[in-house]
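The sequence and structure come first.

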Amino acid sequence: MFDIVWRSVAIGMGATVLMDLWAIFLHKAFGQPRPNWGPVGRWVWHLRDKVFHDDIGDAAPYAHEVALGWAFHYLVGIAYGIILVALAGTAWLAAPTFLPAFILGIVTVGAGWFLLAPGMGAGWAASKRPNPMQIRALNLVSHTVFAFGLYGTALLIR
């Protein structure tokens, strides 16, 4: 059982690392802004009081919001690794295939579009941002990279 848990955790962490490397590539190659996990940390900090904000920037700051945002980012990635193994089954660990990882990667976009974005005041699927279609496309690509990370990490540790 311990073997299954640590491998699930490693798969989620590996996928999250690859997604972060992708963000660095987009920043260096195309000038895309790097992810700012501070507002996410502030949102997580305020979840005890409120889920949906008009603008998370108006919420009271939290001294460790950047660290909390990064921790939350990795905890969510780990949770997705565990969910993947739980849904695909432990046999998937011995012979990983891309399709379950891809399906989960795309499904996880929904958490960002329908919980995180509106929770921070960006609207459903970033509809209140000036460039919602660009954000949505980047989300889909980033979560596809995350799926490759799930699959690739599973291959590396099988």
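At 48% relative accessibility, Trp-124 is partly exposed. The model is predicted. Trp-124 belongs to an aromatic cluster together with Phe-52, Trp-113 and Phe-114.

**Aromatic pairs**

- The count of aromatic pairs comes to 13.
- Phe-25 and Phe-30 form an edge-to-face pair, because their planes stand at 85 degrees, with the ring centres 5.9 Å apart.
- Phe-25 is partly exposed at 41% relative accessibility, whereas Phe-30, with a relative accessible area of 60%, is exposed.
- Phe-52 pairs with Trp-124 in a tilted arrangement, with 6.0 Å from centre to centre and 55 degrees between the planes.
- This second pair links distant parts of the chain, 72 residues apart: Phe-52 lies in the loop between H2 and H3, and Trp-124 in the loop between H6 and H7.
- Phe-52 is partly exposed, at 40% relative accessibility.

**Largest pocket**

- The largest pocket holds about 1,400 Å³ of space.
- Its lining is made up of 44 residues, and those closest to the centre are Pro-35, Trp-37, Leu-116, Ile-135 and Asn-139.
- Sorted by class, the lining has 27 nonpolar, 13 polar and four charged residues.
- Helices that each supply at least two lining residues are H1 (2–30), H2 (38–46), H3 (65–88), H6 (109–120) and H7 (132–157).
- H6 gives the most to this lining, with eight residues.

**Nonpolar cores**

- The largest nonpolar core has 13 residues, of which Ile-11, Leu-84, Trp-92, Phe-146 and Leu-150 touch the most other members.
- At least two residues of this core come from each of H1, H3, H4 (90–94), H5 (98–107) and H7.
- Beyond its neighbours within four places in sequence, Leu-150 is in contact with Ile-11, Gly-12, Ala-15, Gly-81, Leu-84, Trp-92, Ala-101 and Leu-104.
- A second core, separate and of seven residues, includes Trp-37, Trp-43, Ile-56 and Ala-59.

**Phe-72 and its surroundings**

- Phe-72 sits in helix H3 and is partly exposed, with a relative accessible area of 26%.
- Not counting residues up to four places away in sequence, Phe-72 touches Val-40, Trp-43 and Val-44.
- Trp-43, one of these contacts, is among the residues of the second core.
- Phe-72 and Trp-37 are 35 residues apart in sequence, and their C-alpha atoms are 8.8 Å apart in space.
- Trp-37 is also one of the residues closest to the centre of the largest pocket.

Notes
Residues are numbered from 1 along each chain as its sequence is written. This is a predicted model: local features need pLDDT of at least 70, side-chain atom pairs count only at pLDDT 80 or more; totals for chains, interfaces and linings use all residues. Side-chain values use heavy atoms; hydrogens and water are left out. On a 1 Å grid over the protein atoms alone, a cavity is a set of points where a 1.4 Å probe fits but cannot get out, and a pocket is an open set with protein on both sides within 12 Å along at least five of seven lines; lining residues have an atom within 4 Å of a point. Grid points are joined across faces, edges and corners, and a volume is the space filled by probe spheres set on the points. Helices (H or I, at least four residues) and strands (E, at least two) are DSSP runs, numbered from the N terminus. Ala, Val, Leu, Ile, Met, Phe, Trp, Tyr, Cys and Pro count as nonpolar, Asp, Glu, Lys and Arg as charged, and the others, Gly among them, as polar. A nonpolar core is a set of buried Ala, Val, Leu, Ile, Met, Phe, Trp, Tyr and Cys residues joined through side-chain atoms within 4.5 Å. Buried means under 20% relative accessible area, exposed over 50%, partly exposed in between (1.4 Å probe, protein chains only). Contact means heavy atoms within 4.5 Å. Rings of Phe, Tyr and Trp (its six-membered ring) pair if their centres lie within 6.5 Å; planes under 30 degrees apart count as stacked, over 60 as edge-to-face and the rest as tilted.
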